[in-house]
Amino acid sequence: AEPVCTDCPGTHNIIKQMGTRSQKEQPAEWVALFNGRNLDNWKSSGTASWTVRSGQLIATPGPKGKGGDLWTKAVYEDYLLAVTFRATWPIHAGIWLHTTGPDRGPRVEIFDPPEAGKPAAFTGSVVVPGKGLALANFREDLADREGWNTISVKVRGDRIGVWLNGEEVGAVRTSGPAKGKIGLHLEGYPAYKTAELCVREVLLQQLDESAAKVSTLLRD
């Protein structure tokens, strides 16, 4: 299936983009983790504001400019993920891939370059908490700062492949939990005082039957 977004030109069919499916990977349905109406099946942490308006998930800094995260209640193992977003820049946001309790796995970054004196890396890079960048995207031109973008990710074991708007950023092996929640992240003030993250689609396709076994709701 190819998801259709009626008001953006983004590239959504990540199977075609990525050439990801091997003979051992069975076809599966795309699942919309964000239903466009509410935040059922999601749970927030931190104080960032997460609201739904006009079919879009809107994230802004919370009281006193604090950031936060929005987590799926389900856990996932091996999958394809496509997140379609646009942002008000400057911003530092991201997509958590595998998080279990305090043990946070890698995160795909949505951000401007870091402060002067540090290597320039752009949206589509991968960071591992406590270790820094594991994969750096050096191409500033891949992100559309005025419109919609689609980050596509393939997670298979400890290997992560990342695409931005259909262009391959790269692949990397990372440490962290083998399965966990998927999350959206938003940093707070002071540098990102006017930041706003708008998410139109969060789509997931499990790669095989073993992944489906861990896609169960976590109990509070």
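A salt bridge here is a side-chain nitrogen of Lys or Arg within 4 Å of a carboxyl oxygen of Asp or Glu. The model is predicted: local features need pLDDT of at least 70, side-chain atom pairs count only at pLDDT 80 or more, and totals for chains, interfaces and linings use all residues. Residues are numbered from 1 along each chain as its sequence is written, and side-chain values use heavy atoms, with hydrogens and water left out.

Q: What makes Arg139 and Asp141 a salt bridge?
A: Their closest N and O atoms are 2.9 Å apart, and the cut-off is within 4 Å, so the pair qualifies.

Q: Why is Arg139 called partly exposed?
A: Buried means under 20% relative accessible area, exposed over 50%, and partly exposed in between (1.4 Å probe, protein chains only). Arg139 has 40% relative accessibility, so it falls in the middle class.

Q: Why is strand 5 described as largely enclosed by the rest of the structure?
A: Strands are DSSP runs (E, at least two residues), numbered from the N terminus. Five of the five residues of strand 5, residues 68-72, are buried, so the description applies. Gly68, Leu70 and Thr72 point one way, while Asp69 and Trp71 point the other way.

Q: How do you know that strand 2 and strand 5 pair?
A: Pairing requires that DSSP finds at least two bridges between the strands. Strand 2 (residues 42-46) and strand 5 have five, in the antiparallel sense; one of the contacts sets Trp42 against Thr72 as bridge partner.

Key. Helices (H or I, at least four residues) and strands (E, at least two) are DSSP runs, numbered from the N terminus.
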